[in-house]
Amino acid sequence: MRRRTTVQALAQRSRCWSPADPVRTWRRRFLERGLDGLSHAPRLGVPRKITDADIEQVIVKTLEEKPKNATPWSTRSMAAATAMSKSAI
């Protein structure tokens with residue numbers, strides 16, 4: 001019979017445990033809320049500027065449209081078509 005190893009025992013053995021251990025955080029969230037617990041919680045600081053709608057727009061455009069005078073979308077052509085910056089794409 002195999003003995004289950006706890007996260008704490010593994011961390012002690014590998015000497016990599018810290019109170020802010022991300023594995024422990026994600027495992028706790030999953031145990032408390034299931035798959036819903038794995039979604040990102042709102043963070044402190046400046047709110048993100050790229051919305052889910054912006055991301056969806058780029059994905060749909062990539063999959064369903066072709067740019068003029070080019071075969072694949074480039075970062076620059078997609079940025080121009082969506083009024084977003086190249087770094088956002």
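**View 1. Three salt bridges are counted in this predicted model**. A salt bridge here is a side-chain nitrogen of Lys or Arg within 4 Å of a carboxyl oxygen of Asp or Glu. Behind the rule is a simple idea: side chains of opposite charge can pair when their charged atoms come close. Since the model is predicted, local features need pLDDT of at least 70 and side-chain atom pairs count only at pLDDT 80 or more, while totals for chains, interfaces and linings use all residues. Residues are numbered from 1 along each chain as its sequence is written, and side-chain values use heavy atoms, with hydrogens and water left out.

**View 2. Arg28 and Glu32 form a salt bridge**. Have a look at helix α2 (residues 22–33), where both residues lie four residues apart, about one turn of the helix. Helices are DSSP runs (H or I, at least four residues), as strands are (E, at least two), and they are numbered from the N terminus. The N to O distance of the pair is 3.7 Å. Arg28 is partly exposed, because its relative accessibility is 40% (buried means under 20% relative accessible area, exposed over 50%, partly exposed in between, with a 1.4 Å probe and protein chains only).

**View 3. Arg48 pairs with Asp52**. Their salt bridge spans 2.4 Å from N to O. Arg48 is exposed at 55% relative accessible area, and Asp52 also counts as exposed, at 54%.

**View 4. Glu65 meets Lys61 in a salt bridge**. Here the N to O distance is 2.9 Å.

**View 5. Phe30, Leu31, Leu35 and Leu38 make a nonpolar surface patch**. The patch covers about 420 Å², with accessible areas from the Shrake-Rupley method and a 1.4 Å probe, only the protein chains shown counting as cover for residues. Patch residues have over 30% relative accessible area and no salt bridge; nonpolar side chains (Val, Leu, Ile, Met, Phe, Trp, Tyr) are joined within 5 Å, like charges within 9 Å. Leu38 sits in the loop between α2 and α3 (52–64) and is partly exposed at 36%.

**View 6. Residues His40, Ala41, Arg43, Leu44, Val46, Pro47 and Arg48 line the largest pocket**. A pocket is an open set of points on a 1 Å grid where a 1.4 Å probe fits, with protein on both sides within 12 Å along at least five of seven lines; lining residues have an atom within 4 Å of a point. The volume, the space filled by probe spheres set on the points, is about 170 Å³.
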